[in-house]
Amino acid sequence: MKKIIYFLSVLALTSSCSDLTDLNTDKKNPSEVPAASLFTSAQKGIAEQVVNTSVNKNIFRLVNQQWTETTYIDESVYQWTTRNISGNHWNAYFSGTTTNDGSLSDLVMAKLAVENEVILASDPNFAAKTAIKKNKLALIDILTVYSYQILVDTFGDIPYSDALKGSGNYLPKYDKAVDIYKDLIVRLDNDIANIETGYAAFGSADVIYRDNLTSWIKFANSIKLKLGINLKASGLEDAIADAAIVSASENVFTSNGDNAKIGYEKNVPNTNPLFVDLVFGGRHDFVPAKPFVDALVAKNDPRTKVYFAQNLQDENGNPLPYKGGVIGVKNSFGKFTHINDLIQAPDFKGTYLDYAEVEFLLAEAVERGIAVSGSAESHYNNAIKASMQDWGIPTDAADSYLAQPTVAYSTAAATWQQKIGEQAWYAMYNRGFEGWTFTRRLNFPALTPPPNADAASDGQIPSRMAYPIREQTLNATNYNAAAAAIGGDKLSTKLFWDKN
């Protein structure tokens with residue numbers, strides 16, 4: 001794997017050179033990679049795709065109009081084919097076209113390595129080793145489910161039951177998105193049941209929770225909650241959705257201390273991808289977008305100070321109001337508000353899933369008539385407070401914000417979809433993909449595509465990514481069947497849960 005660097009000791013040859021069989025083994029490219037290394041690689045790979053802001057790989061802050069571009073505007077107007085963005089996003093999870101790595105392929109190999117571990121029944125530590133093995137398999141599967149949900153929520157129907165079989169099936173069929181969702185929920189239930197918190201798993205190789213298996217159970221339940229909410233929104237499997245939401249809600253994240261995050265270091269190559277994209281690369285390609293900036297300013301949102309830099313000044317050096325870049329046109333970097341230095345720090349943590357998102361999902365669950373504890377208003381308030389706290393905003397500032405009529409749940413908007421959708425958009429500032437998911441599911445905020453939007457978008461904010469060109473050419477039969485099944489391989493085609 002290109003992402004794993006091994007430092008192997010050089011073994012001295014004996015003076016007699018009586019056994020040279022080891023010389024036939026390529027120790028720099030081992031044929032069997034340890035499961036722990038593969039697990040770490042997958043965790044880092046998933047975070048890389050979720051966090052980065054490369055226009056070649058992750059354009060979700062742009063499609064969700066939280067950021068916009070300065071010089072090159074193709075991605076902001078939904079011209080996504082030139083850079084093969086959908087192919088790169090697809091390959092980040094499945095295997096790549098020029099490499100054999102991808103987070104799901106790492107997880108498949110890690111699973112195989114763990115399953116092949118032999119524990120003798122006569123081993124005095126048989127019970128403990130068996131529990132550890134089950135824990136490892138559960139953690140691998142939780143991340144697998146997390147990855148598949150992102151793929152489904154990006155494309156719709158995808159290869160699933162036939163996927164990642166290598167030479168066993170190079171041309172996998174596509175499974176229906178709703179069926180994948182149903183199976184992912186079952187998998188999470190099994191994973192949660194199989195975790196024994198009294199035993200270890202991957203130890204320090206787990207760079208998310210450092211083997212805190214209680215936190216992994218909460219993470220799994222929080223993913224299940226999200227699956228349940230999307231499934232409920234689809235109206236297709238209410239009983240399954242309701243059961244998933246209720247059972248998950250009993251043990252989801254309850255504070256920012258539960259957040260699933262990955263730490264980074266101050267020095268490359270283990271720095272936050274945003275540092276690499278925005279600082280190390282010396283590029284000034286993005287500024288906060290006008291719709292997002294104007295919305296936060298209008299509500300006196302205290303997060304403006306941590307989301308945006310106060311870089312604009314008058315001739316006397318006095319700060320000027322925040323000014324967001326216009327969607328779909330070139331924006332001179334020096335004339336618009338900049339992205340705050342905070343998220344550009346090399347050791348700024350990357351987020352898989354957080355408490356704020358969970359509380360917004362619980363608020364939505366209440367409004368959709370699901371029997372979870374708490375009121376929609378209490379969960380809404382908790383979500384906003386969690387976001388504020390995670391960004392370092394003082395409690396009194398968060399309370400003052402919530403007291404405003406334009407923010408308070410009872411008066412914020414005419415519909416619960418708008419109340420939750422807009423506040424989730426604000427809170428998901430550095431989590432563009434999930435911000436896009438809330439926007440698609442709730443239809444709020446009501447974003448407007450730029451006048452020069454690419455014809456491929458049919459004059460709409462994209463609802464999905466088109467399948468990779470490689471699938472169209474190399475897996476044409478299954479691709480054509482999938483495209484027909486979802487209603488056309490178009491940016492405007494709605495996912496199964498996008499019903500509002």
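Q: Where is D458 found, and by what rule are the elements around it called helices?
A: D458 is found in the loop between α16 and α17. Helices are DSSP runs of H or I with at least four residues, strands are runs of E with at least two, and both are numbered from the N terminus. Counted this way, the chain comes to 18 helices and eight strands. A word on the source: this is a predicted model, in which local features need pLDDT of at least 70 and side-chain atom pairs count only at pLDDT 80 or more, while totals for chains, interfaces and linings use all residues. Residues are numbered from 1 along each chain as its sequence is written, and side-chain values use heavy atoms, with hydrogens and water left out.

Q: Why does D458 count as partly exposed?
A: Buried means under 20% relative accessible area, exposed means over 50%, and partly exposed is in between (1.4 Å probe, protein chains only). D458 has 42% relative accessibility, so it counts as partly exposed.

Q: What makes the phi of D458 worth a look?
A: Most residues other than glycine have a negative phi. D458 is not a glycine, yet its phi is positive, at about 55°. L164 is another such residue, with a positive phi near 60°. Its place is in the loop between β2 (158–159) and β3 (174–175), and L164 is partly exposed, with a relative accessible area of 28%.

Q: Which form does the peptide bond from F444 to P445 take, and how do you know?
A: Its omega is near 0°, and the bond is cis. P445 is found in the loop between α16 and α17. The bond from V268 to P269 is also cis, with omega near 15°, and P269 has its place in the loop between β4 (260–262) and α9 (273–280). For background, most peptide bonds are trans.

Q: Is Q389 buried or exposed, and why?
A: Q389 is exposed, because its relative accessible area is 54%. This residue has its place in helix α13 (residues 376–390). K176, in the loop between β3 and α6 (177–194), has a relative accessible area of 44% and therefore is partly exposed.

Q: Why is α3 called largely enclosed?
A: Seven of the nine residues of α3 are buried, so the helix is largely enclosed by the rest of the structure. The buried ones are I85, S86, G87, H89, W90, N91 and Y93.

Q: What makes a space in this structure a cavity, and how many does the search find?
A: On a 1 Å grid over the protein atoms alone, a cavity is a set of points where a 1.4 Å probe fits but cannot get out. Points are joined across faces, edges and corners, and a volume is the space filled by probe spheres set on the points. The search of the whole structure finds three cavities of 30 Å³ or more.

Q: What makes a residue part of the lining of the largest cavity, and which lie nearest its centre?
A: Lining residues have an atom within 4 Å of a point. The largest cavity has 15 of them, with V50, N58, F60, F433 and E434 nearest its centre. At least two residues each come from α1 (35–51), α2 (60–63), α3 (85–93), α5 (126–155) and α16 (432–442). The largest share, three residues, comes from α16.

Q: How is the lining of the largest cavity divided by class?
A: Ala, Val, Leu, Ile, Met, Phe, Trp, Tyr, Cys and Pro count as nonpolar, Asp, Glu, Lys and Arg as charged, and the others, Gly among them, as polar. That gives seven nonpolar, five polar and three charged residues.

Q: Which helix gives the most to the lining of the second largest cavity?
A: Helix α15 (residues 416–427) does, with five residues. The lining includes K299, Y380, T406 and Y426, and by class it has four nonpolar, three polar and three charged residues.

Q: Why does the radius of gyration of the chain agree with a compact globule?
A: The radius is taken over C-alpha atoms, and the globule rule is 2.2 Å times the number of residues to the power 0.38. With 500 residues, a compact globule would be near 23 Å; the chain has 24 Å, which agrees. Of those 500 residues, 55% count as buried.

How values were computed: 1 Å grid on protein atoms, 1.4 Å probe; cavity = no way out; pocket = protein on both sides within 12 Å on 5 of 7 lines; lining within 4 Å.
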